[in-house]
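Colleague: I would like to learn how to read a surface patch and a core in a model. Please give the general idea, then the case at hand.

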Amino acid sequence: MRPPHVLLAVLVAAVWGVNFTVIEVGLGHFPPLLFSALRFLAAALPAVFLVGRPKVAWKWIVGVGLVLGVAKFGLLFVGMDHGMPAGLSSLVLQIQAVFTALFAFAALGERPTRLRLAGMGVALAGIAVAAVDEGTTGPLGAFVLVVVAAACWGVSNVLTRKAAPPDSLNFMVWVSTVPVLPLLGLSLLTEGPSQDLAALRGLDWQGAGTVLYVAWVTTVFGFGAWGWLLRRHPASTVAPFSLLVPVFGMSAAALFLGESVTPLRWCAAALLVGGVALTSRAPGRRGGAEARTGSAGGAPADVPARTAADAPAPDGVTVPVASRRV
């Protein structure tokens, strides 16, 4: 990769890492489900009128929208609202790579290699260490919610790979239209109309800024830039930059929120990042044969090369690539 492209990849990782700190700030202005609904509303409008018609079947857009938007982000925002630290959330969510590999095996028949299994074991050890740390210093229930959010992310990755959208930004914008009403309905039921109205009436520049950041900077710019890089470079070259996300996430949380990073948390970070690196880089197998792919996610070998290259985008979905210019 040329230096400007490397800088762009690092910038996207930084944007996604800082996003967790911004979410923490936003949760001081909005109830979690309302905040998540506003995030997707702002991401969808007005972009949905600019990206053109959907390029995949609606069943995939609705499926990913519900699993990713309602379940994954809903659980993440609620978990953080209930005390899960921003920096630790950015780290724990990376366990999605393990869930993706497990669900890909169940749904797509991708058998993990020994190296990938080893990576999954190391990553799970990191989660166990993080759970011990959080169990002694914070609410374990909120930790579990974020782990379940990572599992939902793994499901959405598999659904996205089945959908194989040729345009990642178009897909993400249309996916963003799906969670808005379900999240608003859940917010009214669980958080209450009075709390939602109070948050909207008290909206200030900081609150509006958090919504715009998580919607436009994280989603529109982040996915647009990530997809642009994947169209020009092998996914195996771009994907490792996603491992910088928890580094930026934990650093931003320590710098701006004053979150402490305990020795156990550093140990968990080393295990998780190392395990995710092995899980993501090791090729998968299908039907007993090694899958030849440039994908960090281990796409099946029988998928054409121009659609098999996909790489997990840390804030949302696996981003397939329809074409690549090197």
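Colleague: Which residues make the nonpolar surface patch?

Modeller: Nonpolar side chains (Val, Leu, Ile, Met, Phe, Trp, Tyr) are joined within 5 Å, like charges within 9 Å. Areas come from the Shrake-Rupley method with a 1.4 Å probe, and for residues only the protein chains shown count as cover. Here L41, L45, F49 and L50 make a nonpolar patch of about 460 Å². This is a predicted model: local features need pLDDT of at least 70 and side-chain atom pairs pLDDT 80 or more, while totals for chains, interfaces and linings use all residues. Residues are numbered from 1 along each chain as its sequence is written, and side-chain values use heavy atoms, without hydrogens and water.

Colleague: What is the share of buried residues in the chain?

Modeller: Of the 326 residues, 54% are buried.

Colleague: Which residues have the most contacts inside the largest nonpolar core?

Modeller: A nonpolar core joins buried Ala, Val, Leu, Ile, Met, Phe, Trp, Tyr and Cys residues through side-chain atoms within 4.5 Å. The largest has 85 residues, and F35, L76, V92, L93, I95 and F143 have the most contacts inside it.

Colleague: What is L93 in contact with?

Modeller: Contact means heavy atoms within 4.5 Å. Beyond neighbours within four places in sequence, L93 contacts F20, K72, L76, V146, A149, A150 and W153.

Notes
Patches are made of residues with over 30% relative accessible area and no salt bridge: like charges are joined within 9 Å, nonpolar side chains (Val, Leu, Ile, Met, Phe, Trp, Tyr) within 5 Å. A salt bridge is a side-chain nitrogen of Lys or Arg within 4 Å of a carboxyl oxygen of Asp or Glu. Buried means under 20% relative accessible area, exposed over 50%, partly exposed in between (1.4 Å probe, protein chains only).
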